[in-house]
Amino acid sequence: MSPPSEHILMAHGAGGTQSRELVAELFARHFSNPTLEAMNDAAIIDAPTGKIALTTDAYVVRPLFFPGGNIGKLSICGTVNDLAVSGAAPVALTASFVIQEGFSIEELERIVISMAQTARDAGVAIVAGDTKVVEHAGIDGLTITTAGLGRLVTEEPLMSSRIEAGDVVLINGNIADHGMAIMAQREGLSFTTTIESDCACLWPLVESLLTTVPNVRFMRDATRGGLAAVLNECCEHNPFGLDIDETAIPLNETTAAACEIVGLDPLAVANEGKLIAVVPASDAQRALDVMRGHPLGTDAAIIGQATAEDAGRVRLRTAVGSTRLVAMPSGELLPRIC
């Protein structure tokens with residue numbers, strides 16, 4: 001556990017150990033209720049017409065525009081994806097804007113148009129919202145907060161507690177593109193090939209997967225903290241560990257080079273269009289075929305499996321044949337990436 005802090009640090013928003021400690025020791029302690037304690041990407045709530053999923057998120061990415069997207073597209077994709085990996089079809093979204101005085105209306109319209117198009121492509125409506133304007137010194141440009149409502153389409157929530165030893169772990173494509181696209185744009189890094197964010201709405205892929213492989217045990221999108229964070233969250237406090245094959249993890253060559261140049265582990269770099277799915281071994285090939293048959297999963301791969309050994313830990317078999325533990329990311333690797 002990290003040393004206690006009297007003040008909020010940037011690391012508290014990075015999606016790693018400090019984020020989890022802040023949520024557990026402050027928010028969850030005071031807001032405590034059974035729904036919140038499940039700590040899923042979306043809350044699963046009983047309604048008269050069946051179970052629904054509810055999620056919310058805030059977006060502060062800098063720069064606002066980046067290769068492959070912008071803060072508006074990101075806000076829709078991030079919210080839809082939190083519903084999708086919870087096993088819920090998105091139904092409606094809300095959007096709240098806090099805008100800096102003096103912000104360009106032309107840029108704001110570009111962002112809103114992108115949000116509208118992304119929502120239409122995902123088959124979801126933006127049905128309510130709010131707008132606030134603050135003094136020039138009160139905020140850095142623009143922040144967007146969204147909430148999403150979805151209809152649960154699985155028989156039960158997709159939770160890590162359903163995973164069993166022998167189950168197989170899949171990912172739908174290359175990791176670390178989003179975080180490195182943001183860093184390259186922010187720092188003016190130039191590469192032979194432009195790194196583009198993988199920002200995308202995953203519901204169409206998830207819908208195909210759940211239709212073909214109804215026994216999916218667990219899904220999670222690997223955003224802040226990257227693949228390392230979601231794998232650790234998956235097996236934390238559970239009676240299984242995860243064995244992951246480093247050579248099987250899809251990684252774009254330019255992104256890998258960028259990570260090496262700046263000294264970042266691609267496993268801990270954020271994604272915005274990647275999900276982890278855990279399925280029974282008997283369904284693994286079918287799940288892989290479904291992913292690879294969808295435009296958002298052409299580079300999908302089986303990257304490991306759950307094991308009864310080393311419960312609660314993630315073990316990585318490296319390219320040189322050694323084994324190391326993958327820790328939950330700590331500290332602030334890339335600020336304001338979502």
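In which crossing, left-handed or right-handed, does α5 pass α8? The model is predicted, with local features needing pLDDT of at least 70, side-chain atom pairs counted only at pLDDT 80 or more, and totals for chains, interfaces and linings using all residues. Residues are numbered from 1 along each chain as its sequence is written, and side-chain values use heavy atoms, without hydrogens and water.

Select helix α5 (residues 177-187) and helix α8 (residues 253-262): they pack at about 60°, with axes 10 Å apart. Helices here are DSSP runs (H or I, at least four residues), numbered from the N terminus. Axes are lines fitted to C-alpha atoms over the stretch in contact, with angles from 0 to 180 degrees between N-to-C directions. α5 is therefore oblique to α8 (under 35 degrees is roughly parallel, over 145 roughly antiparallel, 65 to 115 roughly perpendicular, the rest oblique). The crossing is left-handed, meaning the near helix is turned anticlockwise from the far one by less than a right angle; clockwise is right-handed.

Next, show Asp177, Met180 and Met183 of α5 with Thr255, Ala258, Cys259 and Val262 of α8, which make the contact (heavy atoms within 4.5 Å).

Move to helix α3 (residues 71-84) and helix α4 (residues 105-122), whose axes come within 7 Å and cross at roughly 30°. α3 is therefore roughly parallel to α4. Their crossing is right-handed. On α3, select Ile71, Gly72, Lys73, Ser75, Ile76, Cys77 and Val80; they meet Ile111, Ser114, Met115, Thr118, Ala119 and Ala122 of α4.

Finally, select Arg110 and Phe65: Arg110 lies over the ring face, 4.0 Å from the ring centre (NZ of Lys or CZ of Arg within 6 Å of the centre and within 35 degrees of the ring normal).

Notes: Helices (H or I, at least four residues) and strands (E, at least two) are DSSP runs, numbered from the N terminus.
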